[in-house]
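Visitor: I am new to this structure. Could you please guide me through it?

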Amino acid sequence: MFIIDRFEGDFAIISSGKENFNLPKMLLPKDSKEGDVLQIIISIDQEQTKLRRKQMEQLMVELLKE
């Protein structure tokens, strides 16, 4: 469970029980407030990951040419 403990500047301090971490407020819904329980879902964008890897490979090829 992730709970908004408080806000400090541009960050929300999120409590996950034993530990706290900072999360930029811009990532939260605009109506978020202290005490709200957050549902956090993280997934990998496979298509963007493939595109980024291809770009990095091309950059490495270009750098090694020099």
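**A guided conversation**

Guide: Let us begin with one side chain: that of Ser-32 reaches the backbone oxygen of Pro-29 at 2.7 Å. This is a polar contact, meaning a pair of N or O atoms within 3.5 Å; within protein, one must be able to donate a hydrogen and the other to accept it, and residues adjacent in sequence count only if both atoms are side-chain atoms. The model is predicted: local features need pLDDT of at least 70, side-chain atom pairs count only at pLDDT 80 or more, and totals for chains, interfaces and linings use all residues. Residues are numbered from 1 along each chain as its sequence is written, and side-chain values use heavy atoms, with hydrogens and water left out.

Visitor: Where is Ser-32 found?

Guide: Ser-32 lies in the loop between β3 (20-24) and β4 (37-38). Strands (E, at least two residues) and helices (H or I, at least four) are DSSP runs, numbered from the N terminus.

Visitor: Is Ser-32 buried or exposed?

Guide: Ser-32 has a relative accessible area of 16%, so it is buried. Buried means under 20% relative accessible area, exposed over 50%, and partly exposed in between, using a 1.4 Å probe and protein chains only.

Visitor: And what does Ser-32 touch?

Guide: Leaving aside residues up to four places away in sequence, Ser-32 touches Ile-4 and Phe-7. Such a contact means heavy atoms within 4.5 Å.

Visitor: Which residues make up the largest nonpolar core?

Guide: Six residues do: Ile-4, Ala-12, Ile-14, Leu-23, Leu-28 and Leu-38. A nonpolar core is a set of buried Ala, Val, Leu, Ile, Met, Phe, Trp, Tyr and Cys residues joined through side-chain atoms within 4.5 Å. Ala-12 has contacts with residues including Ile-4, Leu-23 and Leu-28, not counting residues up to four places away in sequence.

Visitor: Changing topic, how are the strands joined to β1?

Guide: Five bridges join β1 to strand β2 (residues 11-15), and the two run antiparallel. Arg-6 stands opposite Ile-13 in β2. Two strands pair if DSSP finds at least two bridges between them. β1 (residues 2-8) is also joined to β4 by two bridges, again antiparallel, and Ile-3 has Val-37 as its bridge partner in β4.

Visitor: What is the overall pattern along the sequence?

Guide: The protein follows β-β-β-β-α. Its radius of gyration is 19 Å, well over the 11 Å that the globule rule gives for 66 residues, so the protein is more spread out than a compact globule. That radius is taken over C-alpha atoms, and the rule is 2.2 Å times the number of residues to the power 0.38.
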